[in-house]
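Subject: Structure handover

Hi,

Here is the structure I promised to pass on. Please open it first, then read my notes below.

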Amino acid sequence: MIEMSAIETSGLTKAYGDLTAVNDLDLVVEEGEVFGFLGPNGAGKSTTINMLLDFTRPTAGSATVLGYDAQAEADAISPRVGVLPEGFDIYPRLSGRRHIEFAIKTKSATDDPDEILERAGLSADDAARPAGDYSKGMRQRLATGIALVGDPDLLIMDEPSSGLDPNGISEMQDLVRSESERGTTVFFSSHILEHVEAVCDRVGVLNEGELVAVDTIEGLREQFGGGATMTLTLAGPAAEVRAVADELQGVTDVTASGRTLECTIADPAAKARLVTELADAGATIRDLRIEEVSLESLFTALTNGDVDDSKTQGGPADAVATEPEVAR
Ligand SMILES: Nc1ncnc2c1ncn2[C@@H]1O[C@H](COP(=O)(O)OP(=O)(O)OP(=O)(O)O)[C@@H](O)[C@H]1O
């Protein structure tokens, strides 16, 4: 069998007049991956998804989804893809269960509605109630259930955690994990880094229509972050053992003051090595604190134009990762 990527775009571009919403996007999402598609509001995430689903036609470039051409073979794609759209309309008077039954019928699928409801996290009682009475979280679960109908090979979720409380977010993340375990590829778009990093194998960061980074979160930290800071409290004077830290590869900056040794760690593997080597040198470590580079600052650095000037247009980011959710 030929290796196939779940999503592959090549030079994918969408311009609205003077505005280039998506610019020359080359992206590969492997089968079985949970891929986070990250970017501030207006970065072009929804436009990209709309092109993958043939809701919008690209101005240039092409895309394949599950091996099919997104434009020429859209009919082959839609039955194999589950979509959780950014905004989701319900029929207020229909029960959640009826929504699911309707989706099964429309897709000519053979799913058991109860099984779908369970996977989406809607209880039988809630499923019997009119969807018009649902909370934001319950609506989101219903929309997810609908996306799961037909056992899709690819699940595309546009801002799935938008408007959810922390509990709802963690349920959504559990769902992504369990669908991924079933073998489904998940493409998860969000403007909030934390929501993405908890579930994604890799992330792609989109800014002003351009892909500014694709990597694992760990990889992004190493590539763009200032690493971690390790603060050790020793039993004796830190100056006596600071040479150990100075000489260790992956440790870039060392300060010794009193019994405190503070080290900047560039290579994650250096953390454990530092502890071992200090102990070998006879130091007693009384306490240890590690501060990772904050994810927000990483995301801000990636989307405010100072990572790679040749790729970004500069100018402030439209939004920051910590921006509170606004109801749509
Ligand atoms: N139909 C359209 N006509 C004109 N401009 C559009 C259209 N759709 C999107 N845009 C513009 O394209 C850019 C990208 O929008 P898009 O909705 O893809 O971003 P996004 O990353 O999904 O943002 P959000 O997180 O806010 O949904 C924005 O500047 C938006 O205003």
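Into which domains is the chain divided? There is domain 1 (5-219) and there is domain 2 (227-292). Those bounds come from an automatic or database domain assignment. The C-alpha centres of domain 1 and domain 2 lie 44 Å apart.

Two points on reading the model. Residues are numbered from 1 along each chain as its sequence is written. The model is predicted, so local features need pLDDT of at least 70 and side-chain atom pairs count only at pLDDT 80 or more, while totals for chains, interfaces and linings use all residues.

**The ligand**

There are 13 residues around the ligand. Ala21, Asn41, Lys45, Ser46 and Thr47 come nearest. A residue counts as near a molecule or strand if its C-beta atom, placed from the backbone, lies within 6 Å of it. Two elements give two or more residues to this shell: β2 (19-30) and α1 (45-52). Helices (H or I, at least four residues) and strands (E, at least two) are DSSP runs, numbered from the N terminus. The most comes from α1, with three residues.

By type, the shell has four nonpolar residues, seven polar and two charged. Nonpolar here covers Ala, Val, Leu, Ile, Met, Phe, Trp, Tyr, Cys and Pro; charged covers Asp, Glu, Lys and Arg; the others, Gly among them, are polar.

**Helix α1 and what follows it**

Is α1 largely enclosed or open? It is largely enclosed by the rest of the structure, because seven of its eight residues are buried. A residue is buried if 20 or more other C-beta atoms lie within 10 Å of its own, exposed if 12 or fewer, and partly exposed in between, with C-beta atoms placed from the backbone. The buried ones in α1 are Lys45, Ser46, Thr47, Thr48, Ile49, Met51 and Leu52.

Just after α1, Asp54 takes a positive phi of about 60°. Asp54 is not a glycine. Asp54 sits in the loop between α1 and β4 (60-65). It has 19 C-beta neighbours inside 10 Å, so it counts as partly exposed.

Leu66 also has a positive phi, near 55°, and is a residue other than glycine. Look for Leu66 in the loop between β4 and β5 (68-69). Leu66 counts as buried because it has 20 C-beta neighbours inside 10 Å.

**Helix packing**

Two packed helices are described by the angle between their axes and the distance between the axes. Axes here are lines fitted to C-alpha atoms, for helices over the stretch in contact, and angles run from 0 to 180 degrees between N-to-C directions.

Take helix α4 (residues 113-120) and helix α6 (residues 136-148). Their axes come within 8 Å and cross at roughly 130°. The two helices are therefore oblique to each other. Angles under 35 degrees count as roughly parallel, over 145 as roughly antiparallel, 65 to 115 as roughly perpendicular and the rest as oblique. The crossing of α4 and α6 is right-handed. A crossing is right-handed if the near helix is turned clockwise from the far one by less than a right angle, and left-handed if anticlockwise.

Helix α3 (residues 96-106) packs with α6 at an angle of about 20°, with the axes 9 Å apart. That makes α3 roughly parallel to α6. This crossing, too, is right-handed.

**Distances across the chain**

- Leu220 is in helix α9 (residues 217-224). It counts as buried, with 24 C-beta neighbours inside 10 Å. Leu220 and Ile90 are 130 residues apart in sequence and 38 Å apart in space, C-alpha to C-alpha.
- Phe35 is in strand β3 (residues 34-38). It is buried, with 23 C-beta neighbours inside 10 Å. Phe35 and Leu220 are 185 residues apart along the chain, and their C-alpha atoms are separated by 14 Å.
- Asp158 belongs to strand β7 (residues 154-158). It is buried, with 21 other C-beta atoms within 10 Å. Asp158 and Val244 are 86 residues apart in sequence and 49 Å apart in space, C-alpha to C-alpha.
- Glu292 lies in strand β14 (residues 285-292). It counts as partly exposed, with 14 C-beta neighbours inside 10 Å. The C-alpha atoms of Glu292 and Gly227 are separated by 6.5 Å, and the two residues are 65 apart along the chain.

Best wishes
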